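Take a look at the fold as a whole before turning to its parts.

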Amino acid sequence: LLVQLRTAREADLEETIREFSAKLSLVPLPPPGQLHVSFNLRPLQVVLPSRDDQDSPVIDIDLHLPLLCFTHAALLQVLSCLLQEQRIVFFSSDWARLTLVAESLLLYLQPLSWQQPYVPVLARGMLDFLMAPTAFLMGCHINHFEEVAAETEDLILVNVDDGSIQASWSEALDLPDIPLAAAECFISRAESLQLQYDLEMCHLGAGTDVNTFRSQRRSWQRKLNSQIQNIALELVVSIFREVQDFLNHEHRVFNSEEFLRTREPEDQLFYGKVLETHIFHSFLRDRLNRKRDSFSRMEQMTRNHANRNRALTETPRRPPMSELSRSGYNRYTSPDRRLSKRLGVSLPNLDQPIIESVMLNSNKLLPVRIISPDSGLKFLQKPLKVFRLPDFPPPLAYHYVQNYYSDMAAALGKAISATPTDESALLARYHYLRGLVNTVSNRRLDALEDFYSLYKTDAEIFPSQMVKSLVDSLPEVEWLQLDSSMLRPPFTPRT
C-alpha cells in the first residue's frame with residue numbers, strides 16, 4: 001500500500017486506500033486449526049495464519065526477539081515483574097521494537113492474561129500517564145529514560161536496547177524471583193533453541209525466488225514460535241501447577257493460606273505477591289470453572305510424563321525366594337503382564353539414547369550416554385495446509401466480486417474432493433471457508449449444507465450464531481427446500 005501511495009496523486013489517495021481495504025474485506029478468516037489462507041498482493045504472497053485453537057490468539061510475530069534482547073536471567077526477571085503486576089516501563093531507541101517485545105512477553109504468559117493498562121508506545125506528551133497509581137505496562141523512547149527515572153517512583157525500568165532491568169528507586173531490583181526450579185527448567189529449555197535463522201538454514205544455500213525465501217523463513221519461524229510457546233507454557237505450568245490441589249470446586253474457593261504454607265520458604269514472598277494480582281484471579285476463575293485450555297492440557301501432559309518416568313525409574317520390589325517358592329512364579333505375575341521369552345527377546349529397543357563406549361584402563365569399556373540439549377516435551381506439529389485464494393478482481397464491481405466468490409467456492413470444492421475422508425479436521429475447515437463464501441454470496445442453502453458437513457466432522461469450530469442467523473433469514477421458498485436431515489440441532493427450526 002505504501003508503494004502505491006508514494007506514486008499516487010493526492011487526489012487519488014482516498015480511492016487507493018478504499019480499493020486496498022475493499023480487497024482485504026474479500027479475504028475470509030480461517031477458523032482455528034491447521035489451515036492457513038494466502039492471497040496475492042503483488043508483488044507479495046501474503047499468508048494469513050489461523051489460531052492454534054479457540055482460546056489462542058493469532059500469532060504472526062517473531063517470538064524469539066525477547067530472547068535476543070535479554071539474558072535468560074533478565075528475561076525471567078521481567079516475567080516475574082509482569083506476574084506481580086508491577087508498574088513497568090520499556091525503553092528503546094526503536095519504536096517498533098517496543099511493541100514487538102511487549103507483545104511477545106505478554107504471549108509468553110498465555111493463558112494468563114494481562115489485566116492492567118497497556119500502552120506499548122507512549123508519546124512524549126503522555127509521559128504524565130506514568131504517574132498513575134495503578135499497575136501498568138507502557139513503552140517510551142530511550143531519550144526519556146533519565147527523566148522518567150528521576151521524576152517517577154516505584155517503576156520497573158526495562159532497557160530493551162541493552163537488556164538491563166532496574167528499579168527507579170535503586171539500580172538493584174529487590175523483587176522476589178520466579179521459583180528456582182521453574183526458572184532452571186526454563187533456562188535449560190531456552191538454551192537448546194536455535195535463534196539464528198541464517199545459521200540454521202545456511203545448508204539450503206541462497207535462493208532467487210523471494211516468495212520461496214519468505215516461505216522458508218515463515219516455516220522456520222513457525223517452528224521456533226511453537227517451541228518458545230511450549231517452553232513458556234511449561235514455565236507457567238511449573239509455577240502454578242499445584243494451585244488446583246487447593247481448590248474447592250463445590251464452594252468455589254481457593255485455600256490460599258494453605259497453598260502459601262506449603263511453598264518453599266524462599267518462594268513464599270513471590271507467591272504472596274502473585275496471589276494478590278488481577279492476573280492470578282482471572283487465572284483462578286478459569287481453574288474453578290474447569291476450563292479446558294492450554295494450561296490444563298500441558299499440566300495433564302506433564303503429569304502423565306512424570307508418572308511414566310517414575311514408572312520407568314522406580315525398581316519394583318522383588319519378592320523373596322520363599323514367597324516365590326510358596327506361590328509359584330506364574331501365580332505371582334498376572335497374565336496380562338507376562339511375556340513369553342521369545343516375544344520379550346523380539347521387542348526392539350525403542351527410543352533408547354545412543355550409547356558409546358570409551359576405553360578404561362585399556363581393557364574395560366565404560367558406557368557414555370550422549371545427551372542432546374534439553375528442549376522439554378516434544379509436541380507433534382500438525383501438518384499445515386495453505387489454501388490460496390484466487391486473484392482479486394481488477395474492478396471491484398458487484399458482478400466481478402460475485403465471480404470471485406464463485407471461483408473461490410469452486411477451488412474449495414476441489415480441495416474438499418482431494419482431501420481424504422480420514423482427515424476430518426481439515427475437511428471441516430474447508431467446509432467452514434466455503435460456508436462463509438456461500439453466506440456472503442447469498443447462497444444460503446449451500447452455506448447451511450457446508451456447515452452441516454462441518455458439524456459432522458468437527459463441532460468445535462461450528463459457527464452457531466452464523467447458522468442461527470442464516471436459518472432465521474431463510475425465505476419461505478428456501479425453507480421448504482431445506483434438507484429434512486438439517487431440521488435438528490444445531491439447526492434449530494424456526495418457530
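Helices here are DSSP runs of H or I with at least four residues, strands are runs of E with at least two, and both are numbered from the N terminus. The model is predicted. On that count, the protein chain holds 21 helices and twelve strands.

Start with the chain overall. It has 495 residues, and 39% of them are buried. Buried means under 20% relative accessible area. The accessible surface is about 29700 Å². Carbon and sulfur atoms supply 52% of that surface. Now consider contacts with a separation of 6 or more: 61% of them join residues 24 or more positions apart.

Next, go to strand 3. This strand spans residues 87-92 and is mostly covered. How many of its six residues are buried? The count is six of six. Its side chains can be followed by direction. Arg-87, Val-89 and Phe-91 point one way. Ile-88, Phe-90 and Ser-92 point the other way. Residues on both sides are buried, Arg-87 and Ser-92 among them.

Which strands pair with strand 3? One is strand 5, residues 136-141. Strand 3 and strand 5 run parallel and are joined by six bridges. Within this pairing, Ser-92 has His-141 as its bridge partner. Another is strand 6, residues 156-159. Here too the sense is parallel, with four bridges.

Conventions. Residues are numbered from 1 along each chain as its sequence is written. This is a predicted model: local features need pLDDT of at least 70, side-chain atom pairs count only at pLDDT 80 or more; totals for chains, interfaces and linings use all residues. Side-chain values use heavy atoms; hydrogens and water are left out. Buried means under 20% relative accessible area, exposed over 50%, partly exposed in between (1.4 Å probe, protein chains only). Contact means heavy atoms within 4.5 Å. Accessible areas come from the Shrake-Rupley method with a 1.4 Å probe; for residues, only the protein chains shown count as cover. Two strands pair if DSSP finds at least two bridges between them.
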